[in-house]
Structures are given as structure tokens and as C-alpha cells.
Amino acid sequence: MKKIVLNMRNRFQNTNINNKVIALNTIGAFVIKGATLIISLLTMPGYLNYFDSQLILGTWFALVSVLTWILTFDLGIGNGLRNHLVPAIVSDDSDKIKKYISSAYIIVSIVVCTIVIPSVFLFKYIDWNTIFNLSVNVVSNETLAITVTIVFVGIMLQFIFKLITSILFAMQKSALTNLLSLISSIIIFLFVSFVKFQELSSSLIFMAVAHSLAINIPLIIATVTIFRKNLKGLRPSFKDFNWKYAQDIVKLGGIFFWVQITFMLITATNDYLIAIFTAPDQVVEYQIYNRLFTLIGMLFLLALTPIWSAVTKAIAEEDFAWVLKLYRTLKIMALIASVLQFLLIPFLQFGIDLWLGEDRIQVNYFYAITFAIFGSMLIWNGVLASIANGCNQLKGQSIFFTIGVIVKVPAAIFFVEIYQSWIGIIAANIVALTLYSIVQPIWLEKYLGERQIEREQLKGRIIN
């Protein structure tokens with residue numbers, strides 16, 4: 001046994017440094033995210049207990065889903081910072097690192113202040129009951145306005161504090177970002193499990209407060225810790241703001257922003273569309289299927305977490321052969337994960353009964369197959385995005401996600417009418433992502449192959 005352990009250790013020590021970083025981050029992320037998934041599953045019964053009405057719970061899910069969309073409105077600054085920081089870290093250029101970090105924090109802070117101040121004032125004049133398809137006899141517009149405002153401000157603050165995750169990704173410390181998510185999940189789990197209010201208005205408002213604190217406290221602690229220890233002397237400051245560096249971040253970030261917002265409009269609008277096209281209480285059934293069928297996908301996408309920045313680093317080092325080999329390996333892994341999605345279906349009823357109790361819902365196997373197809377497409381898209389984003393090759397995503405957005409709502413209306421059910425919205429997601437899922441892998445294979453040939457030709461000329 002000792003010989004086997006030593007052999008494994010020696011083999012790991014001789015592994016490519018990029019593979020080592022990916023392996024270590026993935027192992028750490030699996031341990032942390034595994035705990036997060038368990039907490040997430042335990043939180044659902046807590047939500048059902050905290051909100052006595054499925055109608056209100058469905059409205060809460062839809063509300064958080066809608067407001068979380070605004071996280072994409074950071075103009076892609078976080079992703080722009082992430083991709084620009086990697087080459088600066090590779091070259092150990094502390095001046096560039098400091099200027100990129102300072103410029104990013106100042107730009108985001110300006111965006112947040114510009115949006116929050118007028119929005120908070122205007123929110124009280126909006127008819128939130130109409131927006132969320134909820135009668136004023138169930139929840140007053142005033143209660144909804146207060147709830148929305150609290151969640152909105154919390155998410156806007158997350159704009160600023162979430163930049164630390166982009167820095168951690170660039171530092172090849174992606175497992176730590178998952179730790180922050182775990183802490184947030186634990187805070188929410190503890191709140192819904194041990195706190196209860198008699199009044200519906202109090203339940204919604206204090207849930208909004210708990211959610212805002214849960215998403216921001218871990219990020220604040222991480223920011224203070226990283227800049228005191230790992231990045232001592234590199235903390236953001238006004239004197240290190242540089243307009244050229246800011247433009248670099250915003251220019252690349254703008255493309256990321258468009259990709260983010262179009263992908264979000266395809267995949268993150270389900271709760272809201274279900275509430276509008278069917279009824280808010282139907283969101284709960286959707287969430288049950290969604291949480292179970294995202295388990296395998298989340299685990300797989302978790303393994304992809306360190307890939308993006310590792311690819312960016314390899315591209316900076318012109319190691320195209322490594323990127324191409326990694327891409328082909330990931331495609332095989334995606335196929336295996338997709339098969340597992342379908343193998344989950346026969347055990348779905350047992351899993352739901354064990355999780356939420358018997359007779360909570362009767363599994364519809366057509367819904368299950370539709371979710372398995374959609375989950376497989378998200379896994380496949382995760383592979384494509386990790387490689388393309390790391391290479392700064394975003395054209396395919398920007399074009400085909402835009403087409404997907406145009407198709408999504410008409411397809412949702414059509415399929416909801418055909419199936420007379422919210423599952424039509426998931427079918428619309430599949431249609432919206434199909435073209436990208438077919439074309440992008442062909443283009444990526446071609447791009448990486450050509451870069452590798454150019455690299456080999458250049459090396460041959462240098463040797464000659």
C-alpha cells in the first residue's frame with residue numbers, strides 16, 4: 001500500500017504544473033461544493049417550512065431569480081479583470097496587478113452608486129404585484145417593494161465585493177470561491193431552519209435581510225483577508241486608478257457582459273416565465289426537478305471551475321497543445337456526465353420521497369427526460385465556455401446566444417401551449433441552445449488546431 005501511495009505521489013509531482021493546479025483546485029472544490037450541495041438539499045425543506053404557502057415561496061424564488069439577473073450588469077468587469085490579471089501574475093508585474101485591481105474596483109463602485117440611488121427611490125412607485133403575478137390580497141405592494149429593495153441593495157453591494165472571486169480565479173485559487181458559496185448557503189440554511197415569523201410580511205422582509213447578509217459577509221471577510229495576506233501592498237486605491245487599464249477591462253468585459261446577459265436570458269429566466277405563463281406556485285415544482293437534475297451538472301461544472309483561468313495561463317505561455325488535449329478530454333467527460341443524467345431518472349421518485357417526504361409530488365417522467373436533455377446541454381456548454389472564455393474567443397457565444405434569446409420566449413409560448421405545462425419553458429431552453437451546442441465545438445477544434453500548427457512551425461523556424 002505504501003508503495004502505491006509513493007508511486008501516485010511521484011506521478012503527481014511529475015505532472016504538468018497546469019494539471020497540478022487544476023487537480024488541486026478540483027479536489028478542494030469537490031469537497032467544499034459537495035457540502036454546499038448537501039446544504040442546498042437540506043435548505044429546500046427549510047424553505048417549505050419557513051413559508052407556509054407555496055405561492056409565496058414560488059414568488060420568493062422568482063423574485064431572487066429576477067434580481068440576481070442584475071449581477072450580469074457589471075459590464076463584464078469581473079471577467080475582464082480576471083483575464084487581464086492572469087498574464088500580469090504570470091509575468092509577476094506588481095504594478096500592472098495593482099492598476100488592474102484598482103481600476104476595476106473604482107469602475108464597479110461608480111456603476112453601483114449610479115444605479116442604486118435612483119432605483120431605490122423609484123421602487124416604491126412600481127406595481128410589484130403585477131410584475132410577479134401576485135394578488136394584493138396575498139401580499140401588499142408595500143411589503144413586496146421593501147423586500148425587493150433590500151434584496152436589490154444586497155445584490156448591488158455584491159457587485160463590488162464579488163470582485164474578490166475574480167482575483168481568486170486569476171490567482172488559480174478557485175476552490176476558495178466555492179468555500180465562500182458554502183458559507184453563504186450555511187447562513188441561509190440556518191436562518192430558514194431556526195427562524196419563523198407569524199406574519200407573512202415579516203417573513204418576506206427578514207428573508208430578504210438574511211439573504212443580503214449571507215451573500216455579502218463571506219465576500220467582505222475574504223476581501224479583507226486576501227489583501228492583508230496574499231496581496232499585501234496591492235489593495236485598490238484611487239491613486240492607482242489608470243484610465244488605460246480601465247478601458248482594457250471594460251473593452252474585454254463588454255464582450256463578456258453580452259455573453260453573460262444573453263446566456264442569463266436563456267437559462268436564468270425560467271422561474272419568472274413560469275410564474276407569468278402559468279402561476280407562481282408552479283415554480284416550486286420546477287425547483288424540485290431543477291435542484292435534483294442540476295446535481296450531476298453542478299458536480300461536473302465544479303470540476304470545470306479552475307479550467308478557465310488555467311487555459312488563460314496556458315495561452316499566455318503559448319502551450320496550445322496542452323489546451324487542445326485538455327479540451328478533448330473534457331468532451332469525453334461531458335459525455336459520461338450526460339449519460340449519468342439519464343441514469344438518474346429511474347430513481348427520481350425514490351429520491352424525492354426521501355428528500356421531501358412521500359406524496360409531495362408524483363414524478364412526471366416526460367418532465368424528467370426533458371430536464372435530463374437540458375442538463376446535458378448545460379454540461380456540454382460548460383465545457384465549451386471554459387475553453388472559449390480562457391482563450392478570449394467569445395464571438396461564437398455572442399452570436400449564438402443572441403439567436404437563442406430571440407428564440408426563447410416565442411418557443412416558450414409555443415411549447416407551454418402545446419404541453420399545457422411549465423415544462424414547455426424547459427423545452428424552449430433546449431431549442432435556444434441547440435445551434436450553439438453544434439457549431440461552437442467545431443469552431444474551437446479548428447481554432448486550437450491552427451494555433452498549435454502555427455506554434456510548431458514557429459518553433460521549427462527558430463531551431464533552423
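Tutor: Let's begin with the pocket: α9 (174–194) and α10 (200–228) each supply at least two residues of the lining of the second largest pocket. Helices here are DSSP runs (H or I, at least four residues), numbered from the N terminus. This is a predicted model, where local features need pLDDT of at least 70 and side-chain atom pairs count only at pLDDT 80 or more, while totals for chains, interfaces and linings use all residues. Residues are numbered from 1 along each chain as its sequence is written, and side-chain values use heavy atoms, with hydrogens and water left out.

Student: Which helix gives the most to the lining of the second largest pocket?

Tutor: That's α10, with five residues. By class, the lining has nine nonpolar, one polar and no charged residues. Nonpolar covers Ala, Val, Leu, Ile, Met, Phe, Trp, Tyr, Cys and Pro; charged covers Asp, Glu, Lys and Arg; the others, Gly among them, are polar.

Student: Where is R291 found?

Tutor: R291 sits in helix α13 (residues 282–304). Not counting residues up to four places away in sequence, R291 touches S40, M44, Y47, F61 and W355, a contact being heavy atoms within 4.5 Å.

Student: And what about phi of D92?

Tutor: Phi is a backbone angle to check residue by residue. For D92, phi is near 55 degrees, a positive value in a residue other than glycine. D92 lies in the loop between α4 (77–90) and α5 (94–123).

Student: What about N392?

Tutor: N392 also isn't a glycine, and has a positive phi of about 60 degrees. Look for N392 in the loop between α17 (365–390) and α18 (395–419).
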